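Reader: I am new to reading protein models. Please take me closely through one part, and then show me how other spots compare in kind.

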Amino acid sequence: MQLHQISTIHSDHNIIFIHGLGGHYKNTWSSKDSEGLLEWLAADLSNSAVWSLEYDAHQFKSSGLAETAKTCLDFLSNRLTEGRITFVTHSLGGLLCKNVLRLSTESDEKNCQKIAQACESIVFIATPHNGATIANNFDTLFKILSVDAPMLQSLRNNSDHLTELGQWFNKFVQKKNVRVQSYSEGKSIKGLLIVDRNSATCGHTIQIDDSDHITICKPTSKSQHIYESILGFLKSNIQDKPIDFVPAVKTEFIDDVLENPGVIGLASIKRKLKLGEIFFDISLDKYDADSNLVETVSFEKMIEKLDTNCSNKVVISGASQSGKSTLCKVAFRKLVSRGFVPIYIRDDNKILEGRIVNRIQKAFREQYDSNNDLNSIKDKLFIIIDDFHLASRKDSVLSELSGYNNVFLISDDIYEANALSEGIVSDFTHYQTRELLPSQRAKLIRRWLELDQNYCPENDNFKEWDKKVLEVDAILGRALGSGIVPAYPFFILMITRVTVSQGNSDRQITSQGYCYQALIYCLLRESGVDDSNFSVYFNFLEEFAYACKDSKSLNLNDLDDFYQQYSDRHYVFPWSELKKVLFSTNILHEDECGKVKFKYVYMFYYFVASSYSRGIQKKDKKKLQEVEEIAENVHIQDNAYIAVFIAHHSDDYKFFESIVLGAMQLFEDVQPATFSKGELDHIDARSLTLADEVSKSININKSPERAREVELEHKDQFEDKHRNNPDSDIDVIGHIDLMLRKTLKYMEVLGSILRNRTGALTKEQIDEGMQAVVELNFRLLSFVINELMNEQSEEEFVEHIVTVLEKRGKTNVSRHSVVRFITRLNVLIIYGIVTKGVIDIGAPGLLKQSVQGVCQKMDTPLSKLFLQLSNMWHENWLDQPKLLALFQDKENGSAVTRIIILNHLKRYLDRKHINYKVKQQIAAHFGIQ
């Protein structure tokens with residue numbers, strides 16, 4: 001299922017076309033290889049966004065109208081979260097539309113409710129509203145549309161479903177004041193009128209005498225009656241603010257600037273890419289004049305609140321590549337639809353030289369087909385200045401701009417902070433870009449994948465989408481901490497583009513390492529660096545990274561000394577030339593303290609790890625010693641990232657072996673947990689009711705789309721809460737805490753290296769590493785169960801909590817409730833450790849064979865459980881007999897094991913398209929109530 005954007009406008013009014021059975025998102029509405037309803041309405045309704053929904057035109061064969069409507073509602077509600085909606089439907093697409101609206105009104109989910117709430121008007125073209133009248137015509141209709149008759153049994157012979165749906169729809173239209181216009185065909189096909197006037201009637205109905213059921217929605221010219229009628233109906237019902245003067249924006253400016261996504265190389269991978277195909281509304285942080293965060297707001301809502309009758313002055317700041325220029329382009333289109341006359345000014349070389357009024361006049365002539373005097377519409381002008389921080393005379397420019405009511409400035413975050421503190425732009429409202437949250441990243445990735453006409457996420461249970469989301473998060477660095485690559489659209493799209501179409505011929509570097517390399521190549525190429533000179537810059541940056549490895553920066557004096565020493569050993573460009581390139585591309589930058597550092601930390605890790613890899617290759621004693629120290633201390637966040645990046649650069653087995661050895665030494669005196677009989681008895685005795693609670697919490701009716709939405713919402717909340725808390729290393733830490741931290745980091749790092757180096761290591765090496773990390777996870781479980789959850793420890797914990805509560809005046813809390821709380825906590829800890837091991841260690845593809853071999857060799861209830869959970873998590877595959885055997889194991893089974901299985905089963909059922917009967921069968925087998 002896809003939603004094709006026909007117009008290029010971003011508007012608060014959406015027109016959605018829905019074809020019928022046997023139809024096509026484009027061909028239904030036009031004659032072959034020509035423009036038709038879609039394109040003409042997109043041009044004539046320039047203030048509306050026109051879309052066409054594509055879905056499997058024969059899918060009702062298996063799923064039925066109601067289930068298809070549910071899928072359609074889930075799909076639309078995830079894409080059209082703002083704005084008003086008009087539906088234009090043909091044939092049975094009209095019945096699908098009515099079912100979607102009904103499900104929307106009955107839904108408990110806010111996103112789904114918005115579809116019906118946003119619906120303002122509907123056009124029905126040859127829609128069979130009355131089942132009784134057309135019952136005898138369905139066989140012919142099915143043959144014409146090339147679909148099977150059994151699929152629409154509910155529409156035959158005075159269908160109660162259609163009658164009841166019609167009664168509901170009439171009430172809905174009256175209550176919501178939805179405007180409806182219908183069209184009926186006047187010509188027959190093979191002597192039969194497919195949908196007669198009585199059946200097609202809903203609201204005001206017009207008969208099109210010269211069209212049959214197929215041609216009625218394919219007018220051959222704009223002068224045909226049906227086109228003029230639909231256009232007039234839509235115009236009269238689109239309640240846009242009156243616009244006195246809106247000059248036409250030049251087509252070439254739209255194509256070359258406003259619809260240019262500005263991400264290098266994207267268009268070469270797909271067809272020519274338009275910004276509107278990938279852009280969606282994002283959030284901005286709003287700050288007051290004292291730099292205090294006021295609220296987080298929607299970008300499009302912010303634009304909607306701008307008033308043509310008031311002064312509107314806005315400044316948006318953010319880091320390089322954070323999407324600020326994209327916001328300029330989207331703002332331009334939306335401001336046009338609001339009745340403003342935006343003028344976009346950007347000049348990377350000599351920005352804003354000369355008088356600003358002359359720049360505005362010149363830009364207006366370049367962007368609009370109009371010779372109007374701008375003074376006559378000065379109150380409607382909206383001046384958009386991109387990269388304002390590059391202006392050579394900012395104060396003078398601001399002084400000139402004070403004569404305009406509406407100004408939109410884009411700035412970097414450093415200038416914005418200084419401007420705020422000095423009160424330079426005190427009369428502006430201040431916003432700052434934000435990194436995309438998990439749900440937004442997933443949406444952007446899915447939009448990219450959907451540019452491929454052959455991609456259908458539902459067909460593979462979203463496997464490709466899920467895989468790409470995990471890949472992007474791994475490269476962003478989210479798997480090891482808060483991240484090393486900023487989650488801006490530029491980086492996400494570049495990562496997605498590189499991982500989809502890798503041309504990596506260097507076996508030494510991993511595919512993920514190649515992706516980091518490609519990002520840096522991209523920045524250098526944008527600055528005009530010739531391919532033959534890349535090695536000059538890479539080598540310089542590698543040695544610069546190593547020189548500043550302790551503080552990640554060099555002050556200006558140290559930098560001068562470093563450059564002098566470097567140039568004594570290497571042929572290199574003058575520092576002025578190097579600096580111009582490296583600073584203009586934001587590979588390096590000077591911070592507020594005057595120190596030079598990498599703009600983004602992933603570049604530092606990439607180049608310092610490259611230096612260490614070269615040292616390993618050359619057997620540099622100093623660097624080899626430092627690498628050993630890194631391997632022994634991967635619990636330190638910087639070391640964890642550097643270790644993974646070394647693995648990206650080098651397939652040297654000795655480094656991998658040192659990581660494996662470090663993992664084997666942790667908790668080496670603790671026997672791995674097995675989950676055999678008696679091991680969990682202390683916790684298990686009080687966990688039986690928890691298993692019942694988990695069972696009751698599973699909803700097998702939840703759609704995979706909604707399940708992913710909920711999961712991503714939780715990730716959003718977590719990431720948003722911690723986004724201002726960067727990774728930190730604790731200097732003073734207890735022994736047990738240190739061991740736990742080391743263990744978790746070794747699992748993350750070793751799991752990452754195994755995934756990235758599967759093709760470079762031998763089977764024996766991979767299996768040795770897999771054995772070490774799986775046993776480490778199991779030893780950690782054993783340590784937690786034995787040391788933290790024994791009766792004595794628990795009794796001490798209960799007494800401590802009761803004492804604390806009593807001191808706080810909570811004397812009504814019983815010991816039983818405290819014990820119950822601790823039981824829940826213990827089960828959650830065990831579940832968390834098992835699940836983290838599954839995520840960090842398990843893997844799809846070839847590596848799963850190693851996981852399988854190690855688990856089978858261990859042959860314990862826990863290893864069997866771990867293998868099944870890994871398959872469910874990474875392969876989206878359920879071996880029901882084996883999992884059920886573990887669930888029902890009377891000898892070694894436990895309530896804790898059942899809780900772990902039920903929680904993973906819940907995720908599996910939520911995220912996968914499964915036949916409802918199969919879901920019911922699984923639920924019955926596992927006691928899901």
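Author: C97 is buried, because its relative accessible area is 1%, and buried means under 20%. Keep in mind that this is a predicted model. A search of the whole structure finds 0 disulfides. C97 is therefore in no disulfide: the nearest cysteine sulfur, that of C119, is 6.2 Å away, and a disulfide needs the two sulfurs within 2.5 Å. Another cysteine, C328, is buried too, with a relative accessible area of 0%.

Now look at the helix around C97. C97 is one of the buried residues of α3. Helix α3 runs over residues 92-106, which is 15 residues. From its first C-alpha to its last it reaches 21 Å, close to the 21 Å expected at 1.5 Å a residue. How many of its residues are buried? The count is 12 of the 15, so α3 is largely enclosed by the rest of the structure. Among them are L92, G93, G94, L95 and L96, and also K98, N99 and R102.

Next, a loop. A126 sits between β5 (119-125) and α5 (131-134). Most residues other than glycine have a negative phi. A126 is not a glycine, yet its phi is positive, about 55 degrees. A126 is also buried, at a relative accessible area of 0%. D859 has a positive phi as well, about 50 degrees, and is not a glycine either. D859 lies in the loop between α36 and α37 (861-875).

Another loop joins α35 (815-841) and α36 (847-858), and G842 is in it. G842 counts as buried because its relative accessibility is 0%. What does G842 touch, leaving out residues up to four places away in sequence? The list is R755, G837, V851, S870 and H874. Take R755: it is 87 residues from G842 in sequence, but the two C-alphas are 8.9 Å apart in space.

Last, a pair of helices. Helix α18 (residues 438-449) packs with helix α31 (residues 704-722) at about 130 degrees, and their axes are 7 Å apart. That angle makes α18 oblique to α31. On the α18 side, P438, S439, R441 and A442 make the contact. On the α31 side, L712, K715, D716 and E719 do. By class, this contact has 3 nonpolar, 1 polar and 4 charged residues.

Key
Residues numbered from 1 in each chain as written. Predicted model: local features only at pLDDT ≥ 70, side-chain atom pairs only at ≥ 80, totals over all residues. Heavy atoms only, no water. Buried < 20%, exposed > 50% of the residue type's maximum accessible area, 1.4 Å probe, protein only. Helix = DSSP H or I, 4+ residues; strand = E, 2+ residues; numbered from the N terminus. Expected span 1.5 Å × (residues − 1). Axes fitted to C-alpha atoms, helices over the stretch in contact; angles between N-to-C directions. Parallel < 35°, antiparallel > 145°, perpendicular 65-115°, else oblique. Contact = heavy atoms within 4.5 Å. Nonpolar A, V, L, I, M, F, W, Y, C, P; charged D, E, K, R; others polar.
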